[in-house]
Number of protein chains: 2
Amino acid sequence: MHEADQRGEAALLTEPDAAPAVSIGAVAARAGVSVATVSRVLNDSDGVRPKTREKVLAAVALLGYSMNHLARNLRTSSSRLLLTMVPDVGNPFYAQIVRGIDAVAREHGYFVLLCDTGADAGRERSYFELLRTRRADGAICLDPDTIQQALAGELSAGQPWVACCEFDPDGDVPYVGIDNRAAAAEAVGHLIGLGHRRVGLINSDQRYLYARQRRRGYDEAMAAAGLAVAAGWRQTVAGLDYEAGSAATLAMMAQPDAPTAIFAVSDTLAIGVLSALRRLGKRVPEDVAVVGFDDISLAAQVAPGLTTVAQPMHELGAAAARLLLRRLAAPGAPLPGVLLAHRLVVRGSSDPSIREAP
Amino acid sequence: MHEADQRGEAALLTEPDAAPAVSIGAVAARAGVSVATVSRVLNDSDGVRPKTREKVLAAVALLGYSMNHLARNLRTSSSRLLLTMVPDVGNPFYAQIVRGIDAVAREHGYFVLLCDTGADAGRERSYFELLRTRRADGAICLDPDTIQQALAGELSAGQPWVACCEFDPDGDVPYVGIDNRAAAAEAVGHLIGLGHRRVGLINSDQRYLYARQRRRGYDEAMAAAGLAVAAGWRQTVAGLDYEAGSAATLAMMAQPDAPTAIFAVSDTLAIGVLSALRRLGKRVPEDVAVVGFDDISLAAQVAPGLTTVAQPMHELGAAAARLLLRRLAAPGAPLPGVLLAHRLVVRGSSDPSIREAP
DNA sequence: CTGAAAGCGCTAACAA
DNA sequence: TTGTTAGCGCTTTCAG
């Protein structure tokens, strides 16, 4: 690591754009109208004679005027920023959702303020400060921990925010997500249908709503098939990264009556599972079948392809953004929770009859 | 996809925080001082008697005052926002860099405005508008395309921005990156040292500086070993995703004198390579050795482990943020380009003597 | 249809 | 050390 050569660019920086930033007043003067009129034109307010509008637009073009949003923000008391809280930008699942949010946001003239809550934990609450102080107009929260705090805490009350993926269907906060219970039951049912009787679950801490929902799905599917669940078959992980999945697998497979199938509540975990099983010399799916959750693009790339519950990530983000935008447009209107469809994608990690990916 | 039940939360939204947002003036009145003094306390300006400060702070606490940043922004003509342009948030490589940026940014009281340039292409130039209109104080650009445009265009001239990963060492724009040529040469040299004589290159379009730099490293390493390069050994991809890597591999391996080793300029591409080779029934590294670039966390998870050139992603982001912050602090000062160290991480995808990962 | 004028809440001279 | 005051650039009544 070294510092490369440096050149004098000071000259380049003092010179250009030294123009004193033309304001609405300058445009008004140039066009021979008042600032109010310019403002009207700029905001497409009606009640401006076409001819006047022309003049203003000409002056704008001539002077190369561009709006000072800071001033407008103060005046309108809005920042046109949407806060997005993610536990980990590095997780492809969240990354896709963020793209969905971003797409809708900018379609509506908003920008996305991204906060990686995992990066500096414990500071979750301060993010809602951003809302209170109007630095952001609304928030979409994807971080289960933050959502929990927000659902309980005061700070978020009455603020325009929506929960995404982690949600309480009986709460008062607008949300978008999928039916986690049904999805998990489906995944486990698939494994059972394949003949497995000992199915392991790698799940997040039960303090998370989605973890409880998926756990319920797992329990229901097992019960429906009349299968008992040994204690060690349910492993709890602290994070969702590859390593967590590997570690949980090692622990799970160390038992005498180790499962012949593993359902992990995220693809990143499941990929860690695959890697651990490989290390243990187990064949997938012959010795142990694996099912993940999310269907990140990587799921189709690993070997064998990962069977998984597909979540419509982009659409989840887009729907969350739309929900929030609706809230902002009509602060008083009640907002329904939104559940999007999931679907089980069967690949080689669970089904031996499936050869290599298409 | 259906809409879930909706409940009346209107009541919850009109009621709370109906407080008319206490301002600096209210605090001043409550504390029995002037707004100027309150402002001084709030900004830790010195020249305030401890006793007075106490009074103010007490009033702040009592009234639950919190600063209106929109007003401050207008006044100081700064938004405390750092624009970050990424070609694809979904790519783990960029995600890690973003975390590095984010960490440094908030350490200094800035927030990160994230723009996924890949999401709506062609609009690259408009991002610099954000700088001109002061909606962001500075920008870090990670998108090669946007960087190219910015390096050439007028719009970015004189604006406070830094290039990250894609850069022109001879240009006037501050940058942080690694020595791509040396890194590529090292990677290819490693393959040659393993006995390979036909080494393929999967590279991005030559219009990118990093692609040219890495291509040069490849060429140099091959030439240094006295190896000729067949035309088909160099494949160009349009994107960096898994699929692109697979497709390029299929094309490359279809040739009569197909390479026995492949160097891909990104891990995501390389993972696509692995998956394509598997599909072709080739063993890695026995039949074909593979080397990637970046060392994303996934590289250690795939089977076999991916040999790759590690880039200090988090540190790249952090360094870029620090560089930009320096620029903002002293707009006139010349900024040196920063090159960080890379290192070759050898795993099973190239070295047959390496068993399973640790 | 257009203009005059009053701030939005804060910072920063300049005075005292 | 503290207070007074003039705006930052824009939107938005209210008049005309």
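A residue is near a molecule or strand if one of its heavy atoms lies within 4 Å of it. The model described here is predicted.

Of the atoms of DNA strand D that come within 4 Å of the protein, 55% belong to sugar and phosphate.

DNA strand C is likewise surrounded by 26 residues. Here the closest are Arg40(A), Thr52(A), Ile24(B), Tyr65(B) and Arg75(B). Sugar and phosphate make up 57% of the atoms of DNA strand C that come within 4 Å of the protein.

The surface near DNA strand D consists of ten nonpolar, ten polar and six charged residues. For the surface near DNA strand C, the classes are ten nonpolar, ten polar and six charged residues.

| Protein residue and atom | DNA atom | Distance |
|---|---|---|
| Arg49(A), polar backbone atom | phosphate oxygen, DNA strand C | 2.7 Å |
| Arg75(A), polar side-chain atom | base nitrogen, DNA strand C | 2.6 Å |
| Arg75(B), polar side-chain atom | base oxygen, DNA strand C | 2.3 Å |
| Ser34(B), polar backbone atom | phosphate oxygen, DNA strand D | 2.8 Å |
| Ser39(A), side-chain N or O atom | phosphate oxygen, DNA strand D | 2.9 Å |
| Tyr65(A), side-chain N or O atom | phosphate oxygen, DNA strand D | 2.3 Å |

Two or more residues of the surface near DNA strand D come from each of H3 and H5 of chain A and H3 and H5 of chain B. On the side of DNA strand C, helix H3 (35-42) and helix H5 (69-76) of chain A, and helix H3 (35-42) and helix H5 (69-76) of chain B, each supply at least two residues of the surface.

**Strands and helices of chain A**

In strand S8 (residues 234-237) of chain A, Gln235(A) and Val237(A) form a covered face, while Arg234(A) and Thr236(A) form an uncovered one. S8(A) pairs with strand S7 (residues 199-204) of chain A in the parallel sense, over four bridges. Within this pairing, Thr236(A) is the bridge partner of Asn203(A).

Helix H8 (residues 144-152) of chain A has buried residues at Pro144(A), Thr146(A), Ile147(A) and Ala150(A). These residues lie on the same side of H8(A), because they cover an arc of only 160° around the axis.

Helix H9 (residues 180-193) of chain A contains Val188(A). Is Val188(A) buried or exposed? Val188(A) has a relative accessible area of 0%, so it counts as buried. Val188(A) is 59 residues from Glu129(A) along the chain, and their C-alpha atoms are separated by 41 Å.

**Strands and helices of chain B**

Strand S6 (residues 175-178) of chain B is covered on both faces. Tyr175(B) and Gly177(B) are buried on one side, and Val176(B) and Ile178(B) are buried on the other. S6(B) runs parallel to strand S5 (residues 161-164) of chain B, and two bridges join them. Opposite Tyr175(B) in S6(B) stands Ala163(B). S6(B) also pairs in the parallel sense with strand S12 (residues 338-340) of chain B, over three bridges. Ile178(B) has Leu340(B) in S12(B) as its bridge partner.

Ile271(B) belongs to helix H12 (residues 267-279) of chain B. With a relative accessible area of 2%, Ile271(B) is buried. Ile271(B) and Cys115(B) are 156 residues apart in sequence, and 26 Å apart from C-alpha to C-alpha.

**Backbone details**

Most residues other than glycine have a negative phi, and most peptide bonds are trans. Some places in this model depart from that.

The peptide bond from Ala303(A) to Pro304(A) is cis, with omega near -10°. Pro304(A) sits in the loop between strand S10 (289-294) and strand S11 (307-310) of chain A. In chain B, the bond from Ala303(B) to Pro304(B) is cis, with omega near -5°. The loop that holds Pro304(B) runs between strand S10 (289-294) and strand S11 (307-310) of chain B.

Arg80(A) is not a glycine, yet its phi is positive, at about 55°. The loop between H5 and strand S2 (81-86) of chain A contains Arg80(A), which is partly exposed with a relative accessible area of 31%. Arg80(B) also has a positive phi of about 55°. Arg80(B) lies in the loop between H5 and strand S2 (81-86) of chain B and is partly exposed, at 29% relative accessibility.

How values were computed: Residues numbered from 1 in each chain as written. Chains lettered and ligands numbered in written order. Predicted model: local features only at pLDDT ≥ 70, side-chain atom pairs only at ≥ 80, totals over all residues. Heavy atoms only, no water. Polar contact = N/O pair within 3.5 Å; in protein donor to acceptor, adjacent residues only side chain to side chain. Nonpolar A, V, L, I, M, F, W, Y, C, P; charged D, E, K, R; others polar. Buried < 20%, exposed > 50% of the residue type's maximum accessible area, 1.4 Å probe, protein only. Pairing = 2+ DSSP bridges. Arc of directions from axis to C-beta.
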